[in-house]
Amino acid sequence: MSGASARVGAETVAEVVARTLAELGAGHCFGVVGSGNFAVTNALVANGVPFTAARHEGGAATMADAYARMSGKVGLVSVHQGCGLTNATTGIGEAAKSRTPLIVLAAETAGAAVHSNFAMDQAALARSVGAVPERVHSAASAVADTVRAFRTALEGRRTVVLNLPLDVQVQELQSTAHDAGRAPSSAASPLRVAPPAPVRPAEESVRAFAELLATAERPVFVAGRGGRGARKEILALAEHSGALVATSAVAKGLFAGEPFSLGISGGFSSPTTAELISGADLIVAFGCALNMWTMRHGNLIGADTAVVQVDLDHAALGAHRPVTLGVVGDSGASAAAVLEALSGAAPRTAYRTEEVRERIAAGSRWQDVETGDLSGPGADGLERIDPRELTRRLDALLPAERIVAVDSGNFMGYPSQYLDVPDEFGFCFTQAFQSIGLGLATAIGAALAQPGRLPVLGSGDGGFLMGLSELETAVRLRLPLVCLVYNDAAYGAEVHHFGVDDPGVDLSTVTFPETDIASIARGIGCAAATVRTLDDLDAVRRWLASGANGVPDRPLVLDAKVASDGGAWWLQEAFKGH
């Protein structure tokens, strides 16, 4: 027999699934290992796929989500059957709603095990949170089933739950060219699934887009998740047409360093940014949903403003608001095609005047907006620090080459707007499900995707304590992770929302006794400091200096006792959608 088709020994289905995923280029696996997923996880490691053991399956799913977003590779999650999958469900839902290319390897009870404690309808659970359920059906179909799941994740930008029944996992097959499901002529080559080619828009759409842009006097481009990766093309079109550029929150950093970049559009916008966007006569959304967050419930779109929306998904066009023109196409390909259509006309100044450039330089960043200082004694007589001043100072103290992760809560505008990032791979925003408690796991996954950057977490005390188990994971990985905890001893969003109009309302259900988060962090193995004044941030300088070559080998937790802002500036807009 030839080397291409010779028998090389038996493999179990679990081993075949792992080998296939490794050959296809899966980037990193996160999980909690139990009896049901022990074999497939070990097989992944044996085939060279890095594995990180989390302390909770929910953390594992969020780590994998963040890793995939920040690396551009398909992430993996490995969980036990039944309860392992249910523990991971919030993280899976976040990834699914964000269209993250992710595969969840979920062990599943055998079909005959109808009385197993772990038995449940795992496919229905996956569908209920927007994920795509798949299954490895047999030894004969194992490679094909795995490739199908990988193609769905990569090409369709979907989160896939690949169920691995226990009785199927242990089935054996001979790893010859024929048995592995490959043609003999290609058996020596690894399996490959290429990312889909960019979708070029229809010619009539390009013409209509170009006509709107050619007459616009104040165009603004807003890039979202679907615009990440199209910086060069979008900026080239913006420069030619005289457009200002902005991003949704998830694409923060895409236009970093550009003099006509407005920063984030929506609830996190500075007053200058909001005014310039609302003054546009044409808004172009590149891979951006134009939802209530990005457009402040439509308030950033003028009554006579034309709106163009570019998206790969036809169903996304006009889903959140009426649009003047919907364009089905890749953001980069669409921008390039419109620029080509306009190439015969001279570049226009339009919105890119010197006056506008000066306004952007002076006021598009919250760091440059005067806000006063709320710092001072709290009700307990102890000092409280203004979260805005805190974050401004931390932005100046930390290295610029960073990757920022943000949990959900009243505080979230501070790290989102006050902490600059170098590019779109410097900001990870897991907010599609609006769950608190995902921030710490997000920061870990993002850190592993971008190991050359300093990871920074912004979290509230509620979310940080909810995901606290993963702090041990960060210590075990020796991550130089800065955890900035905005500690107001409450679920601050609810306090500010329900307590504003009725000062007498009972808030005892959303307020808590003071917690010494710094002491908890030290017990787990972190460096830590309680921060009540700006002087307390000297702990950051000491920590940065503690590591070899300027890289510390353990996390730093800053338990910042923050003053109340009376409800963050974006909060009332946010609650309109609840």
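This is a predicted model: local features need pLDDT of at least 70, side-chain atom pairs count only at pLDDT 80 or more; totals for chains, interfaces and linings use all residues.
Colleague: What radius of gyration does the chain have, against that of a compact globule?
Modeller: The radius is taken over C-alpha atoms, and the globule rule is 2.2 Å times the number of residues to the power 0.38. With 578 residues, that rule gives a value near 25 Å. The C-alpha atoms fill a box of roughly 75 × 65 × 50 Å along the principal axes. The chain agrees with the globule value, at 25 Å.

Colleague: How many helices and strands are there?
Modeller: Helices (H or I, at least four residues) and strands (E, at least two) are DSSP runs, numbered from the N terminus. The chain has 23 helices and 22 strands.

Colleague: What share of the residues is buried?
Modeller: Buried means under 20% relative accessible area, exposed means over 50%, and partly exposed lies in between (1.4 Å probe, protein chains only). Of the 578 residues in the chain, the buried ones make up 56%.

Colleague: What share of the contacts with a separation of 6 or more comes from residues 24 or more positions apart?
Modeller: Contact means heavy atoms within 4.5 Å. Among contacts in the chain with a separation of 6 or more, residues 24 or more positions apart account for 76%.

Colleague: What distance does helix 9 reach from its first C-alpha to its last?
Modeller: Helix 9 covers residues 203-215, which is 13 residues. The expected span is 1.5 Å times one less than the number of residues.

Colleague: Which residues of helix 9 are buried?
Modeller: An α-helix has 3.6 residues a turn, so residues three or four places apart point the same way. Helix 9 has its buried residues at Ser205, Val206, Phe209, Ala210 and Leu213. They cover an arc of only 130° around the axis (from the directions to the C-beta atoms), which puts them on the same side of helix 9.

Colleague: Which exposed residues does the face turned away from that buried side carry?
Modeller: The buried side of helix 9 is covered by elements including strand 9 (219-223), helix 10 (231-241) and strand 12 (282-286). The face turned away from it carries Glu204, Glu211 and Thr215.

Colleague: Stacked, tilted or edge-to-face: how do phenylalanine 209 and phenylalanine 286 pair?
Modeller: Rings of Phe, Tyr and Trp (its six-membered ring) pair if their centres lie within 6.5 Å; planes under 30 degrees apart count as stacked, over 60 as edge-to-face and the rest as tilted. The structure holds nine such aromatic pairs. In this one, the centres are 6.2 Å apart and the planes are at 40°, so the pair is tilted.

Colleague: How many residues apart are phenylalanine 209 and phenylalanine 286?
Modeller: Phenylalanine 209 is in helix 9 and phenylalanine 286 in strand 12. Both are buried. The pair links distant parts of the chain, 77 residues apart.

Colleague: Which residue has its charged end over the ring of phenylalanine 427?
Modeller: A charge sits over a ring if NZ of Lys or CZ of Arg is within 6 Å of the ring centre and within 35 degrees of the ring normal. Arginine 228 lies over the face of phenylalanine 425, 4.9 Å from the ring centre. Over phenylalanine 427, at 5.6 Å from its centre, sits lysine 252.

Colleague: Which residues does glutamate 217 contact?
Modeller: Glutamate 217 lies in the loop between helix 9 and strand 9. It is partly exposed, with a relative accessible area of 44%. Leaving aside neighbours within four places in sequence, glutamate 217 is in contact with Asp281, Arg348, Ala350 and Tyr351.

Methods:
Residues are numbered from 1 along each chain as its sequence is written. Side-chain values use heavy atoms; hydrogens and water are left out.
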